[in-house]
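Thank you all for coming.

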Amino acid sequence: MPQEPENQNLGGAGDADARVLRHAAELQRFSRRGFLGGTAAASVLAADMLFTRRVQAERRVHRILPVPDETAETYYPNASWFLFPGYKTSWEEALWILNALRGTLNKRGQLAAVGYSNVGLDIDQIVIAVVEHARAHQLTTLYFYGHSFGGMVATQVAARLRELHGIEVAFILLDSSPCSKYDVLDQSWFEGVVFLYEKGFRFPTVLRGGYELGERMLHKDERSWGQILDQTLEQLSPIAPSSVLIQSESAYIYHFDATRFAGKLGGTRMAFVGNPRDRTVDYETARDSWSLTFKDNMANASLRTDGARPAHASPGWNPFIYRPIIEELQDGMFPLPSGGGKKTAF
């Protein structure tokens, strides 16, 4: 009888040890899963941070982004198009636009886009980048494609190239480009963004994300919901233009004065294309302002991108509407050499 409590105590101790062992085994399994999961998450986060840092470091300078094209390089070794992207257009979207129009643009020259610096828009640095690219590739004929507000930049760069380097641009295509801030239809956000930028305020990414989605929903009748989602997510990705760049672009539009460059383009020919249904830029006032200010250079302002959606500067979304227009302009102003029938290299 005296041994019975001792056996009971031994039994209790054994059960306790078993429970401890079971908990240890469960903890080991849980720790292994947690460790592996945490390691995977940390690896993804580290890779994302490295990618973001690389992108940010790479895009601190204005850069010319060429699009390789064997046809253009073979038949037009000394001519090139330069795409000046529009407001909030990333490097990747600029290249996408060029690829969408490649089959038409490459019939007069090679293809390249101007990648704006995330540090902020700097016209002098863009001019230097264009000159260096032109010299490195021995270019003698330059065509500029001004995508939305990029038409303003293209015009100023062309004037600077002629004034400072003696380089005359052959052609500037203005795609739905405002001629001044007064051609921008939605002024409510515009003045506020510029005011805050010039006071030194910079938009954080979270606030910008809400702004991007709100702006696109406001103009949802111009875009499908798929386009709204794609554009919003792009603006929140590491490859998106920085908030500083976007604010500097706003300030540039706000202060742009086209009359400063009137009479300074020499023999550069210009054309304006747009859409009367444009809800971003007033088609009629922009077209008339460009035509009046650059009356000696404007060769065509009658072609329209009817049927394009969105209506404002959307060659990437609507290449089959834009290509015939560009072909008509090229054939009219820069016809290919004739002879030997209608055969061409294409």
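Predicted model: local features only at pLDDT ≥ 70, side-chain atom pairs only at ≥ 80, totals over all residues.

Let me begin with Tyr252, which counts as buried because its relative accessibility is 13%, where buried means under 20% relative accessible area, exposed means over 50% and partly exposed lies in between, with a 1.4 Å probe and protein chains only. Residues are numbered from 1 along each chain as its sequence is written, and side-chain values use heavy atoms, with hydrogens and water left out.

As an overview, the protein has 11 helices and seven strands, which are DSSP runs numbered from the N terminus, helices being H or I with at least four residues and strands being E with at least two. Of its 346 residues, 47% count as buried.

Now to the aromatic rings. A pair of such rings is described by the distance of the centres and the angle of the planes. Rings of Phe, Tyr and Trp (for Trp, its six-membered ring) pair if their centres lie within 6.5 Å, and planes under 30 degrees apart count as stacked, over 60 as edge-to-face and the rest as tilted. Counted in this way, there are 14 aromatic pairs. One of them joins Tyr143 and Phe334 edge-to-face, with 5.3 Å from centre to centre and 70 degrees between the planes. This pair links distant parts of the chain, since Tyr143 is in strand 4 (residues 141-147) and Phe334 is in the segment after helix 11 (319-333), 191 residues apart. Tyr143 and Phe334 are both buried.

Tyr252, where I began, forms an edge-to-face pair with Phe149, at 6.0 Å centre to centre and with 75 degrees between the planes. Here too distant parts of the chain are linked, with Phe149 in the loop between strand 4 and helix 5 (150-165) and Tyr252 in helix 9 (residues 243-255), 103 residues apart. Phe149 counts as buried because its relative accessibility is 1%. Phe149 and Tyr252 also belong to one aromatic cluster, together with Tyr116, Phe256, Phe261, Trp290 and Phe294.

In the loop between strand 4 and helix 5 we also find Ser148, which counts as buried because its relative accessibility is 9%. Leaving aside neighbours within four places in sequence, Ser148 is in contact (heavy atoms within 4.5 Å) with residues including Gly86, Asp175 and His312. Ser148 and Ser314 are 166 residues apart in sequence and 9.1 Å apart in space, C-alpha to C-alpha.

Axes are lines fitted to C-alpha atoms, for helices over the stretch in contact, and angles run from 0 to 180 degrees between N-to-C directions. Helix 4 (residues 123-136) and helix 5 pack at an angle of about 65 degrees, with their axes 10 Å apart. Helix 4 is therefore roughly perpendicular to helix 5, as angles under 35 degrees count as roughly parallel, over 145 as roughly antiparallel, 65 to 115 as roughly perpendicular and the rest as oblique. Among the residues making this contact are Val127 and Val131 of helix 4 and Val157 and Leu161 of helix 5.
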